[in-house]
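Please read the report below alongside the sequence and the model.

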Amino acid sequence: MIQKKKIRFYLLGLLVIFLGACSRHHTSPAVLKAENYRHHVEHFNRMEDENKVSTISNAQSWDWMKANIPLFDCPQDNFQEIYYYRWWTFRKHIHQTPQGFIFTEFLVDRNYADKYNMISCALGHHIYEGRWLHNQRYLNDYVHTWYRGNEGGRMKKMLTFSSWTADALLNRYKVNSDKAFLVDMLPDLESEYKAWEKDRRTESGLFWQSDVKDGMEESLSGGRREQNARPTINSYMFGNASAISSIASLKGDTNLSSLYHSKADTLRNLIENKLWNKESQFFETVKKRGTGPFAGVREAIGFIPWYFNLPDEQYDAAWKQVSDPQGFLAPFGLTTAERRHPEFRTHGCCKCEWDGAVWPFATSQTLTGMANRMNRDKQKALADTTYFRLMELYVESQYYRGRPYIGEYLDETTGYWLKGDQERSRYYNHSTFNDLIISGLVGLRPRADDVIEINPLIPQEKWDWFCLDNILYHGKILTIIWDKNGEHYKKGKGLQVLINGKKAGESGKIERILVENLRQ
(Lines give C-alpha, C1' and ligand atoms only; values in the text may rest on other atoms or scores of the structure.)
Protein backbone atom coordinates (compact mmCIF):
# COMPACT_ATOMS: atom_id res chain seq x y z
CA MET A 1 0.00 0.00 0.00
CA ILE A 2 2.80 2.41 0.91
CA GLN A 3 4.63 1.54 -2.31
CA LYS A 4 1.51 2.25 -4.41
CA LYS A 5 1.09 5.61 -2.68
CA LYS A 6 4.68 6.54 -3.49
CA ILE A 7 4.14 5.58 -7.12
CA ARG A 8 1.02 7.76 -7.31
CA PHE A 9 2.93 10.70 -5.83
CA TYR A 10 5.73 10.16 -8.33
CA LEU A 11 3.40 9.96 -11.35
CA LEU A 12 1.47 13.01 -10.19
CA GLY A 13 4.72 14.90 -9.76
CA LEU A 14 5.81 14.00 -13.30
CA LEU A 15 2.47 15.24 -14.61
CA VAL A 16 2.88 18.55 -12.77
CA ILE A 17 6.38 19.01 -14.17
CA PHE A 18 5.12 18.16 -17.66
CA LEU A 19 2.31 20.70 -17.40
CA GLY A 20 4.78 23.34 -16.27
CA ALA A 21 7.09 22.58 -19.18
CA CYS A 22 4.23 22.69 -21.69
CA SER A 23 3.10 26.09 -20.40
CA ARG A 24 6.48 27.65 -21.11
CA HIS A 25 7.22 29.80 -24.08
CA HIS A 26 9.40 27.87 -26.51
CA THR A 27 12.17 30.49 -26.29
CA SER A 28 15.10 29.43 -24.10
CA PRO A 29 17.01 31.63 -21.64
CA ALA A 30 19.19 33.95 -23.69
CA VAL A 31 22.20 34.21 -21.38
CA LEU A 32 22.07 31.97 -18.32
CA LYS A 33 22.27 28.17 -18.35
CA ALA A 34 19.93 26.49 -15.88
CA GLU A 35 22.36 23.69 -15.09
CA ASN A 36 24.73 26.20 -13.52
CA TYR A 37 22.26 26.58 -10.63
CA ARG A 38 21.31 22.95 -10.09
CA HIS A 39 23.88 22.64 -7.29
CA HIS A 40 21.80 24.92 -5.06
CA VAL A 41 18.86 22.54 -5.22
CA GLU A 42 21.05 19.50 -4.68
CA HIS A 43 22.35 21.17 -1.53
CA PHE A 44 18.84 22.00 -0.31
CA ASN A 45 17.74 18.42 -0.92
CA ARG A 46 20.68 17.04 1.09
CA MET A 47 20.19 19.29 4.09
CA GLU A 48 16.74 18.03 5.13
CA ASP A 49 14.94 14.81 5.89
CA GLU A 50 11.81 15.59 3.77
CA ASN A 51 9.51 14.11 6.38
CA LYS A 52 6.53 15.58 4.50
CA VAL A 53 6.39 15.08 0.73
CA SER A 54 4.34 17.59 -1.27
CA THR A 55 2.86 17.22 -4.73
CA ILE A 56 6.29 18.01 -6.18
CA SER A 57 8.92 16.11 -4.18
CA ASN A 58 12.48 17.21 -3.52
CA ALA A 59 13.67 14.75 -6.16
CA GLN A 60 11.41 16.45 -8.72
CA SER A 61 12.07 20.00 -7.54
CA TRP A 62 14.86 20.95 -9.94
CA ASP A 63 12.94 19.82 -13.02
CA TRP A 64 9.96 21.83 -11.79
CA MET A 65 12.11 24.90 -11.15
CA LYS A 66 13.76 24.71 -14.59
CA ALA A 67 10.30 24.66 -16.16
CA ASN A 68 8.84 27.48 -14.08
CA ILE A 69 11.15 30.13 -12.66
CA PRO A 70 13.24 33.06 -13.88
CA LEU A 71 16.97 32.41 -13.49
CA PHE A 72 19.03 34.80 -11.37
CA ASP A 73 22.78 35.33 -11.32
CA CYS A 74 24.80 37.81 -9.26
CA PRO A 75 28.24 38.08 -7.62
CA GLN A 76 26.90 37.99 -4.05
CA ASP A 77 26.54 34.29 -3.24
CA ASN A 78 23.99 34.59 -0.43
CA PHE A 79 21.57 36.58 -2.61
CA GLN A 80 21.72 33.89 -5.25
CA GLU A 81 21.40 31.03 -2.76
CA ILE A 82 18.35 32.46 -1.01
CA TYR A 83 16.71 33.28 -4.35
CA TYR A 84 16.77 29.62 -5.39
CA TYR A 85 15.98 28.48 -1.84
CA ARG A 86 12.79 30.51 -1.75
CA TRP A 87 11.58 29.01 -5.03
CA TRP A 88 12.48 25.55 -3.69
CA THR A 89 10.44 26.16 -0.53
CA PHE A 90 7.55 27.83 -2.41
CA ARG A 91 7.17 24.63 -4.42
CA LYS A 92 6.74 22.65 -1.20
CA HIS A 93 3.46 24.44 -0.52
CA ILE A 94 1.79 23.41 -3.78
CA HIS A 95 -0.78 20.69 -3.15
CA GLN A 96 -3.16 18.87 -5.46
CA THR A 97 -6.75 18.78 -4.20
CA PRO A 98 -10.10 17.74 -5.72
CA GLN A 99 -10.56 21.45 -6.53
CA GLY A 100 -7.16 21.73 -8.24
CA PHE A 101 -3.82 23.07 -7.02
CA ILE A 102 -3.63 25.18 -3.88
CA PHE A 103 -0.88 26.79 -1.79
CA THR A 104 -0.53 26.34 1.95
CA GLU A 105 0.97 28.63 4.56
CA PHE A 106 2.16 25.86 6.91
CA LEU A 107 3.29 22.42 5.83
CA VAL A 108 1.81 20.98 9.01
CA ASP A 109 -1.96 21.02 9.56
CA ARG A 110 -3.41 23.89 11.59
CA ASN A 111 -6.76 23.60 13.37
CA TYR A 112 -7.78 27.14 12.37
CA ALA A 113 -7.13 26.54 8.66
CA ASP A 114 -9.85 26.08 6.08
CA LYS A 115 -10.34 22.95 4.00
CA TYR A 116 -7.11 21.59 2.46
CA ASN A 117 -5.14 23.39 5.24
CA MET A 118 -5.54 26.76 3.50
CA ILE A 119 -5.16 30.04 5.40
CA SER A 120 -6.09 33.32 3.69
CA CYS A 121 -3.72 35.60 5.63
CA ALA A 122 -0.85 35.51 3.12
CA LEU A 123 -2.94 34.99 -0.03
CA GLY A 124 -1.78 38.34 -1.43
CA HIS A 125 1.85 37.38 -0.85
CA HIS A 126 1.33 34.04 -2.60
CA ILE A 127 -0.10 35.79 -5.66
CA TYR A 128 2.63 38.44 -5.85
CA GLU A 129 5.33 35.75 -5.57
CA GLY A 130 3.63 33.18 -7.79
CA ARG A 131 2.91 35.60 -10.63
CA TRP A 132 6.44 34.94 -11.95
CA LEU A 133 5.90 31.20 -12.43
CA HIS A 134 5.64 30.10 -16.04
CA ASN A 135 2.76 27.75 -15.29
CA GLN A 136 -0.05 29.96 -14.00
CA ARG A 137 -2.44 27.06 -13.51
CA TYR A 138 -1.26 26.81 -9.90
CA LEU A 139 -2.53 30.31 -9.06
CA ASN A 140 -5.63 29.98 -11.23
CA ASP A 141 -6.71 26.87 -9.35
CA TYR A 142 -5.76 28.36 -5.99
CA VAL A 143 -7.76 31.56 -6.50
CA HIS A 144 -10.76 29.65 -7.84
CA THR A 145 -10.65 27.33 -4.83
CA TRP A 146 -10.76 30.25 -2.40
CA TYR A 147 -13.60 32.02 -4.18
CA ARG A 148 -15.60 29.13 -5.65
CA GLY A 149 -14.49 25.99 -3.84
CA ASN A 150 -17.37 25.89 -1.37
CA GLU A 151 -20.17 24.66 -3.65
CA GLY A 152 -19.51 27.56 -5.98
CA GLY A 153 -19.02 30.14 -3.24
CA ARG A 154 -16.24 31.44 -1.01
CA MET A 155 -14.45 29.08 1.31
CA LYS A 156 -15.83 29.35 4.85
CA LYS A 157 -12.74 30.95 6.37
CA MET A 158 -11.71 33.21 3.52
CA LEU A 159 -12.72 36.38 5.37
CA THR A 160 -11.00 35.35 8.59
CA PHE A 161 -8.09 37.64 7.74
CA SER A 162 -7.82 41.03 6.03
CA SER A 163 -6.62 40.68 2.45
CA TRP A 164 -5.51 42.58 -0.63
CA THR A 165 -6.46 39.90 -3.16
CA ALA A 166 -8.04 42.16 -5.80
CA ASP A 167 -4.90 44.29 -5.86
CA ALA A 168 -2.69 41.20 -6.08
CA LEU A 169 -4.69 39.77 -8.99
CA LEU A 170 -4.51 43.05 -10.89
CA ASN A 171 -0.74 43.14 -10.40
CA ARG A 172 -0.52 39.53 -11.53
CA TYR A 173 -2.38 40.53 -14.71
CA LYS A 174 0.37 43.09 -15.33
CA VAL A 175 2.76 40.14 -15.66
CA ASN A 176 0.72 37.49 -17.49
CA SER A 177 -1.80 39.65 -19.45
CA ASP A 178 -4.58 37.12 -18.80
CA LYS A 179 -7.48 39.53 -19.13
CA ALA A 180 -10.11 36.80 -19.39
CA PHE A 181 -9.23 35.30 -16.00
CA LEU A 182 -9.11 38.68 -14.28
CA VAL A 183 -12.41 39.97 -15.68
CA ASP A 184 -14.10 36.67 -14.86
CA MET A 185 -13.11 37.19 -11.20
CA LEU A 186 -14.73 40.65 -11.01
CA PRO A 187 -18.08 39.54 -9.48
CA ASP A 188 -16.25 37.49 -6.83
CA LEU A 189 -13.95 40.38 -5.93
CA GLU A 190 -16.81 42.87 -5.71
CA SER A 191 -18.84 40.47 -3.55
CA GLU A 192 -15.87 40.13 -1.18
CA TYR A 193 -15.47 43.91 -1.00
CA LYS A 194 -19.13 44.35 -0.10
CA ALA A 195 -18.79 41.73 2.64
CA TRP A 196 -15.98 43.71 4.25
CA GLU A 197 -18.00 46.91 3.92
CA LYS A 198 -20.92 45.27 5.71
CA ASP A 199 -18.87 43.82 8.57
CA ARG A 200 -15.96 46.24 9.08
CA ARG A 201 -16.80 49.73 7.85
CA THR A 202 -17.44 52.35 10.52
CA GLU A 203 -19.65 55.39 10.46
CA SER A 204 -16.68 57.53 9.39
CA GLY A 205 -16.02 55.37 6.33
CA LEU A 206 -12.83 53.89 7.77
CA PHE A 207 -12.56 50.14 8.34
CA TRP A 208 -11.78 48.53 11.69
CA GLN A 209 -9.97 45.33 12.50
CA SER A 210 -8.47 43.51 15.47
CA ASP A 211 -4.76 42.82 15.25
CA VAL A 212 -5.18 39.03 15.18
CA LYS A 213 -7.51 39.26 12.17
CA ASP A 214 -4.75 41.20 10.44
CA GLY A 215 -2.48 38.24 11.19
CA MET A 216 -0.54 40.49 13.61
CA GLU A 217 -1.58 39.46 17.11
CA GLU A 218 -0.20 40.92 20.34
CA SER A 219 0.75 44.19 18.67
CA LEU A 220 1.59 47.34 20.64
CA SER A 221 -1.28 49.26 19.04
CA GLY A 222 -4.13 46.84 19.64
CA GLY A 223 -5.38 43.51 20.88
CA ARG A 224 -7.26 40.40 19.89
CA ARG A 225 -10.62 41.93 20.72
CA GLU A 226 -9.96 45.61 20.04
CA GLN A 227 -11.82 47.21 17.15
CA ASN A 228 -9.34 49.76 15.84
CA ALA A 229 -8.96 51.68 12.60
CA ARG A 230 -5.65 50.24 11.41
CA PRO A 231 -3.45 51.26 8.42
CA THR A 232 -3.57 47.60 7.34
CA ILE A 233 -7.19 46.92 6.46
CA ASN A 234 -7.80 50.50 5.32
CA SER A 235 -4.86 50.39 2.92
CA TYR A 236 -5.92 46.94 1.71
CA MET A 237 -9.43 48.19 1.02
CA PHE A 238 -8.04 51.20 -0.84
CA GLY A 239 -5.88 48.87 -2.94
CA ASN A 240 -8.79 46.54 -3.60
CA ALA A 241 -11.16 49.37 -4.54
CA SER A 242 -8.57 50.79 -6.95
CA ALA A 243 -8.04 47.34 -8.45
CA ILE A 244 -11.77 46.64 -8.87
CA SER A 245 -12.11 50.00 -10.61
CA SER A 246 -9.33 49.05 -13.04
CA ILE A 247 -10.75 45.57 -13.64
CA ALA A 248 -14.21 47.01 -14.29
CA SER A 249 -12.64 49.39 -16.78
CA LEU A 250 -11.00 46.44 -18.55
CA LYS A 251 -14.42 44.84 -18.78
CA GLY A 252 -15.92 48.03 -20.17
CA ASP A 253 -18.20 48.64 -17.17
CA THR A 254 -17.69 52.37 -16.75
CA ASN A 255 -20.33 52.77 -14.03
CA LEU A 256 -18.75 50.15 -11.78
CA SER A 257 -15.29 51.51 -12.49
CA SER A 258 -16.39 55.02 -11.50
CA LEU A 259 -18.08 53.74 -8.33
CA TYR A 260 -14.96 51.98 -7.06
CA HIS A 261 -12.69 54.82 -8.13
CA SER A 262 -14.83 57.03 -5.88
CA LYS A 263 -14.57 54.51 -3.02
CA ALA A 264 -10.78 54.51 -3.39
CA ASP A 265 -10.62 58.32 -3.39
CA THR A 266 -12.74 58.46 -0.25
CA LEU A 267 -10.46 56.00 1.52
CA ARG A 268 -7.35 57.85 0.39
CA ASN A 269 -8.65 61.06 1.99
CA LEU A 270 -9.69 59.26 5.17
CA ILE A 271 -6.35 57.50 5.57
CA GLU A 272 -4.37 60.67 4.98
CA ASN A 273 -6.58 62.83 7.20
CA LYS A 274 -7.47 60.37 9.97
CA LEU A 275 -4.57 57.91 10.24
CA TRP A 276 -1.65 60.27 9.69
CA ASN A 277 -0.27 61.45 13.05
CA LYS A 278 1.28 64.87 12.38
CA GLU A 279 3.18 64.71 15.66
CA SER A 280 4.93 61.41 14.96
CA GLN A 281 4.96 61.95 11.19
CA PHE A 282 3.62 58.46 10.66
CA PHE A 283 0.50 56.53 9.72
CA GLU A 284 -0.79 55.04 12.97
CA THR A 285 -3.64 52.96 14.34
CA VAL A 286 -6.53 54.95 15.78
CA LYS A 287 -8.35 53.38 18.71
CA LYS A 288 -12.06 52.65 19.12
CA ARG A 289 -13.00 52.14 15.46
CA GLY A 290 -11.34 55.42 14.55
CA THR A 291 -13.10 57.62 17.12
CA GLY A 292 -10.43 57.40 19.83
CA PRO A 293 -6.87 58.65 20.11
CA PHE A 294 -3.84 57.51 18.14
CA ALA A 295 -2.29 54.34 19.54
CA GLY A 296 0.92 56.30 20.11
CA VAL A 297 3.36 53.90 18.46
CA ARG A 298 4.97 53.71 15.06
CA GLU A 299 4.60 50.21 13.63
CA ALA A 300 5.64 48.67 10.32
CA ILE A 301 1.98 48.67 9.28
CA GLY A 302 2.39 52.44 8.83
CA PHE A 303 4.34 51.75 5.63
CA ILE A 304 1.57 49.69 4.05
CA PRO A 305 -0.13 52.70 2.36
CA TRP A 306 2.88 52.85 0.00
CA TYR A 307 2.33 49.20 -0.96
CA PHE A 308 -0.66 50.59 -2.88
CA ASN A 309 0.97 53.88 -3.98
CA LEU A 310 -1.49 55.79 -1.81
CA PRO A 311 0.41 58.72 -0.17
CA ASP A 312 1.99 61.64 -1.98
CA GLU A 313 5.36 63.22 -1.16
CA GLN A 314 4.18 65.22 1.85
CA TYR A 315 4.17 61.98 3.88
CA ASP A 316 7.74 60.94 2.98
CA ALA A 317 9.06 61.79 6.45
CA ALA A 318 7.85 58.36 7.61
CA TRP A 319 10.58 56.67 5.56
CA LYS A 320 13.32 58.21 7.70
CA GLN A 321 12.41 55.61 10.31
CA VAL A 322 13.71 52.65 8.24
CA SER A 323 17.28 53.95 8.57
CA ASP A 324 17.03 54.94 12.23
CA PRO A 325 18.28 52.41 14.84
CA GLN A 326 15.77 53.93 17.26
CA GLY A 327 13.10 53.44 14.63
CA PHE A 328 12.88 50.17 12.69
CA LEU A 329 16.48 49.42 11.71
CA ALA A 330 17.96 46.47 13.62
CA PRO A 331 20.99 44.22 12.99
CA PHE A 332 18.83 41.50 11.40
CA GLY A 333 16.25 43.57 9.58
CA LEU A 334 13.25 45.81 10.03
CA THR A 335 11.34 45.48 13.28
CA THR A 336 7.54 45.45 13.46
CA ALA A 337 7.44 48.27 16.02
CA GLU A 338 9.78 51.19 16.65
CA ARG A 339 12.67 50.22 18.92
CA ARG A 340 12.46 53.42 20.96
CA HIS A 341 9.01 52.58 22.28
CA PRO A 342 9.00 51.65 26.02
CA GLU A 343 6.89 48.52 25.35
CA PHE A 344 9.11 47.20 22.54
CA ARG A 345 9.50 43.40 22.89
CA THR A 346 7.68 43.35 26.25
CA HIS A 347 5.01 40.75 25.42
CA GLY A 348 7.21 37.75 26.06
CA CYS A 349 8.30 35.29 23.45
CA CYS A 350 7.30 32.68 21.02
CA LYS A 351 3.51 32.96 20.85
CA CYS A 352 3.49 35.03 17.66
CA GLU A 353 4.06 38.51 19.12
CA TRP A 354 4.14 41.50 16.77
CA ASP A 355 5.58 43.84 19.41
CA GLY A 356 8.90 44.40 17.67
CA ALA A 357 10.51 41.18 16.45
CA VAL A 358 11.28 40.84 12.73
CA TRP A 359 8.47 39.23 10.72
CA PRO A 360 9.17 38.47 7.03
CA PHE A 361 5.46 39.10 6.33
CA ALA A 362 5.91 42.75 7.35
CA THR A 363 9.41 43.04 5.87
CA SER A 364 8.16 42.11 2.42
CA GLN A 365 5.25 44.54 2.68
CA THR A 366 7.56 47.38 3.72
CA LEU A 367 10.11 46.64 1.00
CA THR A 368 7.38 46.46 -1.65
CA GLY A 369 6.11 49.84 -0.49
CA MET A 370 9.65 51.22 -0.48
CA ALA A 371 10.30 50.04 -4.04
CA ASN A 372 7.03 51.67 -5.10
CA ARG A 373 8.07 54.96 -3.52
CA MET A 374 11.56 54.88 -5.02
CA ASN A 375 10.07 54.27 -8.46
CA ARG A 376 7.82 57.30 -8.36
CA ASP A 377 8.89 60.94 -8.41
CA LYS A 378 12.06 62.08 -6.68
CA GLN A 379 12.22 61.95 -2.90
CA LYS A 380 14.79 62.78 -0.24
CA ALA A 381 13.87 60.47 2.64
CA LEU A 382 15.38 57.32 1.09
CA ALA A 383 18.99 57.10 -0.09
CA ASP A 384 19.89 55.23 -3.27
CA THR A 385 21.54 52.54 -1.14
CA THR A 386 18.69 52.01 1.34
CA TYR A 387 16.69 49.37 -0.52
CA PHE A 388 19.77 47.29 -1.32
CA ARG A 389 21.02 47.37 2.27
CA LEU A 390 17.65 46.32 3.66
CA MET A 391 17.43 43.51 1.11
CA GLU A 392 20.90 42.48 2.22
CA LEU A 393 19.69 42.24 5.82
CA TYR A 394 16.65 40.28 4.65
CA VAL A 395 18.94 37.82 2.87
CA GLU A 396 21.26 37.52 5.87
CA SER A 397 18.34 36.81 8.19
CA GLN A 398 17.24 33.76 6.19
CA TYR A 399 19.76 31.37 7.70
CA TYR A 400 19.50 29.16 10.75
CA ARG A 401 22.44 27.20 12.12
CA GLY A 402 24.39 27.96 8.99
CA ARG A 403 21.76 26.74 6.53
CA PRO A 404 19.11 28.55 4.48
CA TYR A 405 15.90 28.85 6.46
CA ILE A 406 12.60 30.72 6.34
CA GLY A 407 10.32 30.65 9.38
CA GLU A 408 7.79 32.73 11.23
CA TYR A 409 9.73 35.47 13.00
CA LEU A 410 13.15 36.20 14.48
CA ASP A 411 15.02 38.14 17.13
CA GLU A 412 16.05 41.50 15.72
CA THR A 413 19.50 41.58 17.35
CA THR A 414 20.69 37.95 17.26
CA GLY A 415 18.93 36.69 14.14
CA TYR A 416 17.68 33.65 16.09
CA TRP A 417 14.48 32.23 14.65
CA LEU A 418 12.07 32.29 17.58
CA LYS A 419 10.23 29.15 16.50
CA GLY A 420 13.16 27.69 14.61
CA ASP A 421 13.03 24.31 16.30
CA GLN A 422 9.29 23.90 15.83
CA GLU A 423 8.17 21.90 12.82
CA ARG A 424 5.34 24.38 12.14
CA SER A 425 7.84 27.18 11.50
CA ARG A 426 9.94 25.39 8.89
CA TYR A 427 9.37 26.68 5.33
CA TYR A 428 6.74 29.18 6.51
CA ASN A 429 5.04 30.52 3.36
CA HIS A 430 4.03 33.89 4.77
CA SER A 431 6.08 36.45 2.83
CA THR A 432 7.60 37.32 -0.52
CA PHE A 433 11.26 37.41 -1.44
CA ASN A 434 11.74 36.60 -5.12
CA ASP A 435 9.17 39.21 -6.15
CA LEU A 436 11.35 41.74 -4.32
CA ILE A 437 14.39 40.58 -6.28
CA ILE A 438 12.55 40.72 -9.62
CA SER A 439 10.37 43.83 -9.31
CA GLY A 440 12.48 45.72 -6.77
CA LEU A 441 16.17 44.92 -6.89
CA VAL A 442 16.49 44.06 -10.59
CA GLY A 443 13.63 46.44 -11.21
CA LEU A 444 11.21 44.91 -13.71
CA ARG A 445 8.16 47.07 -12.97
CA PRO A 446 5.04 45.22 -14.22
CA ARG A 447 2.70 47.30 -16.36
CA ALA A 448 -0.59 46.67 -18.13
CA ASP A 449 0.53 48.41 -21.33
CA ASP A 450 3.10 47.35 -23.93
CA VAL A 451 6.00 49.22 -22.31
CA ILE A 452 8.75 47.32 -20.52
CA GLU A 453 10.03 49.37 -17.58
CA ILE A 454 13.31 48.44 -15.89
CA ASN A 455 14.67 50.41 -12.91
CA PRO A 456 17.18 48.44 -10.79
CA LEU A 457 17.49 49.53 -7.16
CA ILE A 458 21.10 48.36 -7.05
CA PRO A 459 23.71 51.03 -6.24
CA GLN A 460 25.81 51.88 -9.27
CA GLU A 461 29.10 50.50 -7.96
CA LYS A 462 27.78 47.60 -5.87
CA TRP A 463 27.74 44.75 -8.41
CA ASP A 464 29.81 44.62 -11.60
CA TRP A 465 27.36 42.17 -13.12
CA PHE A 466 23.99 40.50 -12.64
CA CYS A 467 21.40 38.84 -14.82
CA LEU A 468 17.75 37.89 -14.57
CA ASP A 469 16.79 35.57 -17.40
CA ASN A 470 13.89 33.37 -18.51
CA ILE A 471 11.26 35.85 -17.30
CA LEU A 472 7.88 35.06 -18.82
CA TYR A 473 6.30 38.50 -19.23
CA HIS A 474 3.31 39.33 -21.45
CA GLY A 475 3.96 36.10 -23.33
CA LYS A 476 7.60 36.93 -24.15
CA ILE A 477 10.84 35.82 -22.54
CA LEU A 478 12.75 38.78 -21.08
CA THR A 479 16.40 38.95 -20.09
CA ILE A 480 17.88 41.78 -18.01
CA ILE A 481 21.68 42.04 -17.97
CA TRP A 482 24.09 44.37 -16.21
CA ASP A 483 27.73 43.87 -17.18
CA LYS A 484 29.84 46.85 -16.23
CA ASN A 485 32.80 46.03 -18.48
CA GLY A 486 31.15 43.56 -20.83
CA GLU A 487 33.61 40.88 -19.73
CA HIS A 488 31.39 38.62 -17.62
CA TYR A 489 28.58 37.66 -20.00
CA LYS A 490 30.36 38.65 -23.24
CA LYS A 491 27.18 40.36 -24.49
CA GLY A 492 28.38 43.95 -24.38
CA LYS A 493 28.78 46.65 -21.73
CA GLY A 494 26.15 48.21 -19.55
CA LEU A 495 22.51 47.49 -18.79
CA GLN A 496 20.53 45.65 -21.46
CA VAL A 497 16.99 44.35 -21.95
CA LEU A 498 16.46 41.44 -24.33
CA ILE A 499 13.10 40.24 -25.70
CA ASN A 500 13.20 36.62 -26.83
CA GLY A 501 16.98 36.92 -27.02
CA LYS A 502 17.09 40.13 -29.09
CA LYS A 503 18.35 43.42 -27.68
CA ALA A 504 15.49 45.86 -27.17
CA GLY A 505 16.96 48.51 -24.88
CA GLU A 506 20.23 49.51 -23.25
CA SER A 507 22.08 52.05 -21.14
CA GLY A 508 25.69 52.56 -20.16
CA LYS A 509 24.76 52.77 -16.47
CA ILE A 510 22.24 51.38 -14.02
CA GLU A 511 19.18 53.54 -14.55
CA ARG A 512 15.57 53.42 -15.68
CA ILE A 513 15.02 51.97 -19.16
CA LEU A 514 11.72 52.11 -21.04
CA VAL A 515 11.22 49.74 -23.98
CA GLU A 516 8.13 50.45 -26.06
CA ASN A 517 8.25 47.61 -28.60
CA LEU A 518 7.10 44.68 -26.45
CA ARG A 519 4.47 43.58 -29.00
CA GLN A 520 6.75 43.78 -32.02
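## A salt bridge at Arg 340

Arg 340 counts as partly exposed, at 32% relative accessibility, where buried means under 20% relative accessible area, exposed over 50% and partly exposed in between, with a 1.4 Å probe and protein chains only. Arg 340 forms a salt bridge with Glu 338, and the closest N and O atoms of the two are 2.6 Å apart; the term stands for a side-chain nitrogen of Lys or Arg within 4 Å of a carboxyl oxygen of Asp or Glu. Glu 338, for its part, is buried, with a relative accessible area of 5%.

This is a predicted model, in which local features need pLDDT of at least 70 and side-chain atom pairs count only at pLDDT 80 or more, while totals for chains, interfaces and linings use all residues. Residues are numbered from 1 along each chain as its sequence is written, and side-chain values use heavy atoms, with hydrogens and water left out.

## Other charge pairs

Side chains of opposite charge can pair when their charged atoms come close. A search of the whole structure finds 34 salt bridges, among them the one between Arg 373 and Asp 377, whose closest N and O atoms are 3.6 Å apart. Arg 373 is buried, at a relative accessible area of 1%, whereas Asp 377 is partly exposed, at 38%.

Arg 401 is exposed, with 62% relative accessibility, and forms a salt bridge with Asp 421 in which the closest N and O atoms are 2.9 Å apart. This pair links distant parts of the chain, 20 residues apart: Arg 401 is in the loop between strand 8 (399-400) and strand 9 (403-404), and Asp 421 is in the loop between strand 9 and helix 15 (434-441). Helices (H or I, at least four residues) and strands (E, at least two) are DSSP runs, numbered from the N terminus. Elsewhere, salt bridges that share partners join Glu 48, Asp 49, Lys 92, Glu 423 and Arg 426 into one network.

## Helix 5 and Phe 90

Helix 5 (residues 123-130) is mostly covered, as eight of its eight residues are buried; His 126, Glu 129 and Gly 130 are among them. Those three residues are also among the contacts of Phe 90, which, leaving aside its neighbours within four places in sequence, include Phe 103, Leu 133 and Asn 429 as well; contact means heavy atoms within 4.5 Å.

Phe 90 has its place in helix 4 (residues 77-92) and is buried, with a relative accessible area of 3%. The C-alpha atoms of Phe 90 and Thr 432 are separated by 9.7 Å, although these residues are 342 residues apart along the chain.

## Helices 2 and 3

Helix 2 (residues 38-46) and helix 3 (residues 58-68) pack at an angle of about 155 degrees, with their axes 9 Å apart; axes are lines fitted to C-alpha atoms, for helices over the stretch in contact, and angles run from 0 to 180 degrees between N-to-C directions. The two helices are therefore roughly antiparallel to each other, a description used for angles over 145 degrees, with under 35 degrees counting as roughly parallel, 65 to 115 as roughly perpendicular and the rest as oblique.

In this contact, Arg 38, Val 41 and Asn 45 of helix 2 meet Asn 58, Ser 61, Trp 62, Met 65 and Lys 66 of helix 3.
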